[in-house]
Each structure stands twice: as structure tokens, then as C-alpha cells.
Amino acid sequence: MIRRNKRILSLTLSMAVFTTMFMSTSFITKAETVSLEASSEITSNASTESTAVATNIALNKSATSSSVTGGNAASLAVDGNSGTRWESAQGSDPQWISIDLGGSYNISGVKLNWETAAAKDYKIQVSTDNKNWIDAYTKTGGTGGVENITFNSTATGRYIRMYGTARTTQYGYSLWDFEVYGTPDGNTVNNVDLGPNVKIFDPSMPSSDIQNTVDSVFSKMETNQFGNERYAFLFKPGSYNVNVNVGFFTSVLGLGKTPDAVNITGAVRCEADWMGEMQLVTSGDRLKMLL
């Protein structure tokens with residue numbers, strides 16, 4: 001007798017509900033409850049220059065730029081090494097370098113350590129969503145060197161960038177160091193430490209980055225039915241074009257006030273394709289399973 005079975009993993013989609021973006025809320029995963037407060041407000045005022053003192057919250061954070069020359073990538077401006085640098089394309093304006101701080105901060109100032117190819121005119125801008133930017137500081141007539149800048153009032157956001165509009169040389173823009181100073185914004189979900197296995201996504205992130213993250217987790221968890229690892233994907237309200245393959249012990253959660261606050265136009269799938277089709281074969285007193 002041959003019996004064919006195909007094991008299908010079970011997937012539980014948990015929906016965490018935010019009662020309002022500006023009130024204390026909570027979401028539940030398994031038996032744990034985390035109280036959160038979220039705020040999307042960003043504030044900024046005029047700035048002055050002085051010596052910025054605090055922890056460099058940009059150290060080794062994710063950095064991107066409008067362009068790169070040679071191997072001088074944006075990440076080299078936030079690696080803590082004053083012997084490496086970011087360099088933009090030459091002879092073209094505007095150019096920018098942006099840092100994702102990984103969470104919302106009350107930013108008090110920055111330190112810019114320019115290579116010879118410096119910015120003459122530029123702005124320091126801050127954003128909560130990497131799309132809408134607020135001017136935190138404006139510089140005209142700069143000559144490069146080391147600039148320690150402290151804002152008159154803090155600027156709150158997750159993303160910060162130097163946006164250059166004029167150069168001091170015929171070349172591009174180049175920074176040995178781009179340091180950022182500030183303190184965590186207590187009114188944001190981003191600063192809740194949920195551990196390295198909780199992945200939080202928002203619509204401003206490139207779809208390719210989100211896809212790479214979920215694929216990487218799936219490659220670890222697809223067949224990990226007896227492992228100790230646990231993962232959770234948290235999608236902030238918005239639309240996503242990704243395909244989420246879910247393995248063992250992986251939760252997928254949509255955050256929002258209503259069930260339709262998160263829209264995934266790809267798919268969320270939980271299948272045991274790696275097992276193939278099982279054949280249950282009996283022969284006398286013998287019982288064996290063939291894959």
C-alpha cells in the first residue's frame with residue numbers, strides 16, 4: 001500500500017494593532033507584550049557651529065550616497081577610520097551622503113571631516129522616512145577642514161544626510177568622517193531593542209533589501225524544525241512588493257490600526273517543498289518511508 005502525504009507547515013499571521021500613532025500602544029508576539037509609543041514629528045531650527053560632544057551614533061551604521069568614485073563608498077565615512085573616505089562623482093552638483101541611524105534620534109549636531117574636495121555650500125538634513133527632509137543646518141562659503149556643528153535645537157529623525165550644492169574644488173565631495181551626535185528618541189518604536197532576530201520593515205526601505213533579509217532567514221529556517229532559533233518579521237503600515245517564504249519558527253506580523261494597514265502585493269507562503277513527496281511503503285511487518 002502506498003500513501004502519499006505532503007506536509008504543509010502551519011503559519012500563524014499575528015496582527016499587532018496600533019491604536020493611534022501618537023498614543024501609547026502595544027503589540028503581542030507569543031506570550032510577550034511590548035509597550036510602544038510612536039511619533040512621526042520632526043523638528044528643527046537654525047544652527048550654529050561649536051564643538052559637538054556625545055557618542056557618535058553614526059558609527060558603522062548603514063550609509064548610502066548619490067554617487068561614488070572608485071572604491072570610496074559611503075560606508076567609509078562612518079567606519080571610524082579617518083584614513084578612509086567617501087568620494088562622490090567629480091564635477092557634478094548636487095551630491096549627497098545619507099546615514100540610516102537604525103532608529104529615531106534627537107540629533108544635536110554633526111562632525112564633518114573633509115578631504116581636500118570639500119563642500120562650499122551644503123545642508124544637513126534630517127528625515128523620519130528617508131523621503132521628506134527638513135533642513136537642520138545650512139552652510140554657505142565653507143572651506144572644508146574639520147567642522148564641528150551643534151544645532152540650536154535638536155532635529156528628530158532616523159535618517160540624516162549632507163546635501164552638497166557647491167564644491168570648493170573642481171572635483172567632487174569627499175568626507176573622511178561623518179559623525180552624528182544625539183540621544184535616542186523615547187517616543188518611537190525604532191528604539192525598542194527586540195533583539196537581532198526581530199526584523200522591522202517600513203515602506204521606505206528598498207524592496208530588494210527586504211527581500212534579501214527574508215530570503216536569508218528562510219534559508220536558515222526552511223528545514224530547521226528541531227533548532228532553537230526563532231525569528232519575527234514586523235511590517236510597518238504601508239505597501240510592500242516582496243515574496244515572503246516562511247520556514248519553521250518564523251512569525252510574520254503586520255502593524256497598524258486596521259487589518260488592511262499592511263499590504264503585501266507579492267506573497268506570504270509556508271510550504272514544505274524541501275521534503276518532496278513522501279511514500280509510505282509497507283511490506284509484511286516492515287514499515288519504511290521513502291522520500
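Student: How should I read Glu-87 here: does this residue count as buried or exposed?

Tutor: The model is a predicted one, and burial is read from relative accessible area, with buried meaning under 20%. Glu-87 has a relative accessibility of 11%, and therefore it counts as buried. Arg-85 is also buried, with a relative accessible area of 18%.

Student: Which side chain does Arg-85 meet in a salt bridge?

Tutor: The general idea is to look for a side-chain nitrogen of Lys or Arg within 4 Å of a carboxyl oxygen of Asp or Glu. In this case the side chains of Arg-85 and Glu-87 form such a pair, with N and O 3.3 Å apart. Salt bridges with shared partners also bring in Glu-115, so that Arg-85, Glu-87 and Glu-115 belong to one network.

Student: How many salt bridges are there by this rule?

Tutor: The count is seven. One of them joins Arg-167 to Asp-93, whose closest N and O atoms are 3.0 Å apart. Because Arg-167 lies in strand 11 and Asp-93 sits in the loop between strand 7 (86-87) and strand 8, this pair ties together parts of the chain that are 74 residues apart in sequence. Asp-93 itself counts as partly exposed, at 35% relative accessibility.

Student: Which other pair links distant parts of the chain?

Tutor: Consider Arg-158 and Asp-100, whose side chains meet in a salt bridge with an N to O distance of 2.7 Å. Arg-158 belongs to strand 11 and Asp-100 to strand 8, and they are 58 residues apart. With a relative accessible area of 9%, Arg-158 is buried.

Student: Turning to the nonpolar residues, which members of the largest core touch the most other members?

Tutor: In the largest nonpolar core, which has 31 residues, those members are Leu-112, Ile-160, Met-162, Phe-178 and Val-180. At least two residues of this core come from each of strand 8 (95-114), strand 9 (119-127), strand 10 (134-139), strand 11 (146-167) and strand 12 (174-184). Strand 8 supplies the largest share, namely eight residues.

Student: What is Ile-160 in contact with, leaving aside its neighbours within four places in sequence?

Tutor: Its contacts include Ile-97, Ile-99, Leu-101, Ile-107, Val-110, Ile-124, Val-126, Trp-133, Phe-178 and Val-180. Ser-98 and Gln-125 are also among the contacts of Ile-160.

Methods
Residues are numbered from 1 along each chain as its sequence is written. This is a predicted model: local features need pLDDT of at least 70, side-chain atom pairs count only at pLDDT 80 or more; totals for chains, interfaces and linings use all residues. Side-chain values use heavy atoms; hydrogens and water are left out. A nonpolar core is a set of buried Ala, Val, Leu, Ile, Met, Phe, Trp, Tyr and Cys residues joined through side-chain atoms within 4.5 Å. Buried means under 20% relative accessible area, exposed over 50%, partly exposed in between (1.4 Å probe, protein chains only). Helices (H or I, at least four residues) and strands (E, at least two) are DSSP runs, numbered from the N terminus. Contact means heavy atoms within 4.5 Å.
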